[in-house]
Amino acid sequence: GLWVGSARIMMTKLFLICSLYFFCVFGGLVNKKVAREIDISSNIARVTSTITLQNDGSGAANEFYFALPAGNSTRLSAAFATQGDDDSLSVTEDASAKLSGAPAGATFYKVKLQTAIAAGEDTEVEIELVFTGAINPFPRTITQKDNQLVIFYDNLHFFSPYPTTEESVSVTLASSTVEGNYPKEDAEVSESTIKYKDFENVAAYSFELLMVHYQNNKPFVVAENLHRTVQVSHWGALQIEEAYKLVHTGAKLTGPFSRLDMMRFGAPSSVADVSAVLPAAASEIYFRDVIGNISSSEIKAGKGSGSEDDVDEDKIEVKMTQRFPLFGGWQTEFYYGYNLALENNMNITDSGKYQLTFPFASPLKEMVTQEMTIDIILPEGASDVTINVAGAAAKFLQSTTLSNLDTAGRPTFTLTASNIVSPDNDDVVVVEYNFSSGSLYQEPILLTVGFFCIFVTSMVVNWMFFQ
C-alpha cells in the first residue's frame, strides 16, 4: 500500500511538471499576424499561411502546432513549412497530441523550429498545405459545350491551438465567374480574387465555413494508377518507362459527343493532352498506347521558371495529345519512356557504393497520382542495397527480374505510395548499392563462351561429316 501511494504521488508530480512545461512553452504562443492565401485556381487546393509567431511564455519554444478540422486530414497530400528565408522545417502528424480545448476529430501537426523562439521574441513561419479532392464539380453533369462549375469548402480561419491577433484571408480562383460565395459580409470580389476584411482577435480553434461556387475549366484529370519502371545498366543507360491510367474526375458528360460540335463550339471542360517535364538530356522518347505508337506529341525546351510555360531551362516539356479528348467520367491508358545517360544520375559515395538518384513524383504537370508503383531494376550482381525516399511514405517489396543472359536474376525493388501531387512533391528516390566491375563483364563473357561453343560444335560436326 505504501508503494502504491508513493507511485501515485510521483505520477501526480510528473503530470504537474509536464502540464507546467506545456503551459510555459506552448501556452504562451500567439499568432501575432496570419496572412492566409487559398489558391483554388486548378483542381488542387493549395493553402499558404504566413505566420508571425510570438512567444509570450517564460521559456524558449522549439516547436509549435497547427491543426486541421475533422475530415480535412484525409485530403491532405503534402505539408511544407519554412522559417525565415529558406530554412525548411520538419512537419509531422502528432496523433498523441492532447492540446487544451481541442475540438473532437481535430488532427494536430507538429513543426520543429530551426531557431528557437526566445521568451518575448517572434519569428516568421510559412506553412503550405496541399489538398486533393477538395474541389468538386457542381452540378455533377454537364453537356459538351458547357463550362464546368465547381464548389469548394474550407475553414475561413487558420485553425490553430493559439489565438490570432490579426488575420487576412484571400482566395485565388480559376476565373472571374463566381456563382456564389459565403460568407458575403466583408468579402470583396475582384476578377478572380476574393479578399476578406482583416480579422482581429480570432480565438483558438475558430471555425467559420468558407464556400465558393465558381467556374473552373482547368484539367480535372488524375492518375488513377501510375506504374514506373526504372532499369539501370552500367553500360551507360538509365531506362525509364511510365504507364498511366488517367481519369477525368470533373463534371460527367451528359448527352452525345460530337467532334463536329467540338470544332464549332469548343468543349471547355475537356482535356486533349497532358504534358511531362523531363530532363533536357532525355533521349529516345516514345509515346504509345494499347493500339500502338502515337505520333501526336510535341517536345519543346524550357525557357525558365518565370516564362509562360514555367519550365526550367535545364528541362524539356513533352506534350502528349491523346487519341480522343477526355470528358468527365472518361478514362484512357497510355505509356511513354525515355533514356538518360547514367552519369547524370549516378554518383559514387565516400564508402565506394553506387548512388542512383531520380525524382519520386510523376513528371506530369499538375497531376494527382492516386496509386503509384515504382519498379527499380538493378544490374545482376548488385548487393547491399538501401533505398530512401526523403519525406514520402512509401512501402518496399523485393523480388527478382530475369532478362536476357541473366543467371541469378536482377535485384528488383518495388515502391508503392498513394495521393502524390506533382510538382508540389519534390522528394527524390536515393538508391545505394555495391556492384563489382567483374559482374559488368558477365554477359560479354557468356556471349563469348556461347559463340565459342557453337563454333567448336560446328567444327566437330563438320570434321565428323567429312570423315
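**Threonine 412 and its setting**

The side chain of threonine 412 reaches the backbone oxygen of arginine 410 at 3.2 Å. This is a polar contact, that is, a pair of N or O atoms within 3.5 Å; within protein, one must be able to donate a hydrogen and the other to accept it, and residues adjacent in sequence count only if both atoms are side-chain atoms.

The model is predicted: local features need pLDDT of at least 70 and side-chain atom pairs count only at pLDDT 80 or more, while totals for chains, interfaces and linings use all residues. Residues are numbered from 1 along each chain as its sequence is written, and side-chain values use heavy atoms, with hydrogens and water left out.

Threonine 412 lies in strand E30, which covers residues 410-422. Strands (E, at least two residues) and helices (H or I, at least four) are DSSP runs numbered from the N terminus. Threonine 412 counts as buried because its relative accessibility is 3%; buried means under 20% relative accessible area, exposed over 50%, and partly exposed in between, with a 1.4 Å probe and protein chains only.

Which residues is threonine 412 in contact with, leaving aside its neighbours within four places in sequence? They are Ile376, Ile377, Leu397, Gln398, Ser399, Thr400 and Thr401, where contact means heavy atoms within 4.5 Å.

Glutamine 114, in strand E6 (residues 107-117), also has a side chain that reaches a backbone oxygen, that of serine 88, at 3.1 Å. With neighbours within four places in sequence left aside, glutamine 114 is in contact with Gln83, Asp87, Ser88 and Leu89. The C-alpha atoms of glutamine 114 and aspartate 87 are 7.0 Å apart, although 27 residues separate the two along the chain.

Valine 460 belongs to helix H4, residues 442-466. Valine 460 has 40% relative accessibility, so this residue counts as partly exposed.

Now the whole. The protein has 31 strands and four helices, and 42% of its 467 residues are buried. Among contacts with a separation of 6 or more, 77% are between residues 24 or more positions apart.

The largest nonpolar core holds 48 residues, and Ile40, Phe64, Ile127 and Phe152 have the most contacts inside it. Such a core is a set of buried Ala, Val, Leu, Ile, Met, Phe, Trp, Tyr and Cys residues joined through side-chain atoms within 4.5 Å. Strand E3 (residues 61-68) gives the most to this core, six residues. A second, separate core of 47 residues includes Val232, Leu238, Leu246 and Ile420.
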